[in-house]
Amino acid sequence: MTPPVPPSRIRDPGLAASGWQKIRWVEPRMPVVAALERRLAEEATLAGRRVAICLHLEAKTARMALALQRAGARVAICGSNPLSTQDDVAAALAGAGVAVYAWHGATPEEYIEFIDQTLAFRPHLVLDDGGDLVAHLHTRRREWLEGVRGGAEETTTGVLRLRAMARDGVLRFPMVATNHAAMKHRFDNRYGTGQSVWDGIMRLTNLVVAGKTVVVCGYGWCGKGVAERARGLGARVVVCEVDPIRANEALMDGHQVMPSEEAAALGDVFVTVTGCRDVLVERHFRRMKDGALLANAGHFDVEIAKADLAALAQRVEEARPGVRTYVLPDGRRLHLLADGRLVNLAGGDGHPAEIMDLSFGLQLLALAWVDREAERLGPGVFALPDELDREVAALRLQALGIAIDTLRPEQAAYLAGWREGTA
């Protein structure tokens, strides 16, 4: 028996027309999702499945949710960040029959309540971004675990949490680490984050980047993208790392590398993108220049210590929408962007549609694969099969009208063998 679905909870159904305008804009720019939607519908792969989604609720996410629905699945969705939900997009989705539990600016209590209502859908499959949905299911709503076949995780932070759950023996179903697929982290994390972070910063501040010193804390794939785009905009880039291999990468990519406390005195703009907490704290704030901009691109708002900023400040002002200024006793002003939340989504529209087409194409394939293979896999964290990763790459090239070479049989045999050398 299908469980009853709680009615959608959105800010204003009257905003739907604006939401549809945004969805229609991204739709033709997401050909991979469109191709997979058609295939899933023809094969009835997910027909009748209930899918619970916790993602940044904006137009590209809505396009994927609609693809699942059009392929025959029933869909419920909540936002994975209180400031990234776009209320007009939520209204459009709710009007299309998707169960939506999200609005912009949700309180911590509302945020948890929305996750709870999404899980009351009693899903067969889950799609998470950051791990809150899966963690909630394993802690507050364990009675709803039965019937969940598996799911997929969108981001680095969520994969880390899932691996910790698997290590502790508490994860009850298979989860695909979609974030670690090549067509995700090499494109979404690098090019998507690199562009959208600067889009968010520039929208919020309306300030020039060229000529400034940008301090990037963390040089994973996301940090690489942020640093590369900063340099492309004319900034000098300083990278702070705890991993000596990544620090060497940053050095050989042409960036300065130094400890964060030393960089604190040099930076005009700081971007944290580590996935860890307390990256910038009181000792850093005490050394920063007047007017320094503080932005976070990690999933949770724990990388910039907001409590330390508040404790140091003589007063706090709202300088612009999305810019909170902390005035220190000596008169220096430190500007926190988007309340320390994901600056590209809380201050902008997130990754470009062409990038999310790749990520959400992978997610569609991941859900179909884990549903099909759930019994064989059992609980744990699994990589997306390489052939599915390459399928998304091929679909993207096909949509762009780009052809590439293929190995001839003798070349494939040479690469697969060991007897024939080159001497």
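1. The axes of helix 8 (residues 182–205) and helix 15 (residues 353–377) come within 9 Å of each other and cross at roughly 150°, where axes are lines fitted to C-alpha atoms, for helices over the stretch in contact, and angles run from 0 to 180 degrees between N-to-C directions. Helix 8 is therefore roughly antiparallel to helix 15, given that angles under 35 degrees count as roughly parallel, over 145 as roughly antiparallel, 65 to 115 as roughly perpendicular and the rest as oblique. Helices (H or I, at least four residues) and strands (E, at least two) are DSSP runs, numbered from the N terminus.

2. The crossing of helix 8 and helix 15 is left-handed, a term for the near helix being turned anticlockwise from the far one by less than a right angle, with right-handed used if the turn is clockwise. Helix 8 contributes M183, K184, F187, D188, Y191 and G192 to the contact, and helix 15 contributes I355, M356, L358, S359 and L362, contact meaning heavy atoms within 4.5 Å. By class, seven nonpolar, two polar and two charged residues make up this contact of helix 8 with helix 15; Ala, Val, Leu, Ile, Met, Phe, Trp, Tyr, Cys and Pro count as nonpolar, Asp, Glu, Lys and Arg as charged, and the others, Gly among them, as polar.

3. On the basis of the coordinates, this is a predicted model, in which local features need pLDDT of at least 70 and side-chain atom pairs count only at pLDDT 80 or more, whereas totals for chains, interfaces and linings use all residues. Residues are numbered from 1 along each chain as its sequence is written, and side-chain values use heavy atoms, with hydrogens and water left out.

4. Helix 8 also meets helix 9 (residues 221–232), their axes coming within 7 Å and crossing at roughly 45°, which means that helix 8 is oblique to helix 9. The crossing of helix 8 with helix 9 is right-handed. On the helix 8 side the contact includes H185, R186, Y191 and W198, and on the helix 9 side it includes W221, C222, E228 and R229. Seven nonpolar, six polar and four charged residues form the contact of helix 8 with helix 9.

5. What span should helix 2 (residues 31–43) have? At 1.5 Å a residue, its 13 residues should span 18 Å, and the end C-alpha atoms are 18 Å apart, which agrees; the expected span is 1.5 Å times one less than the number of residues. The buried residues of helix 2 are V32, V33, A34, A35, L36, E37 and L40, where buried means under 20% relative accessible area, exposed over 50% and partly exposed in between (1.4 Å probe, protein chains only). These buried residues pack against helix 3 (59–70), helix 15 and helix 16 (386–400).

6. Most residues other than glycine have a negative phi. A44, which follows helix 2, has a positive phi near 55°, lies in the loop between helix 2 and strand 1 (50–55), and is partly exposed at 43% relative accessibility. R122, likewise not a glycine, has a positive phi of about 55°; R122 is found in the loop between helix 5 (108–119) and strand 4 (125–128) and is partly exposed, with a relative accessible area of 29%.

7. C276 is placed in the loop between strand 10 (269–272) and helix 12 (282–285) and is partly exposed, at 45% relative accessible area. Leaving aside residues up to four places away in sequence, C276 touches V302 and E303.
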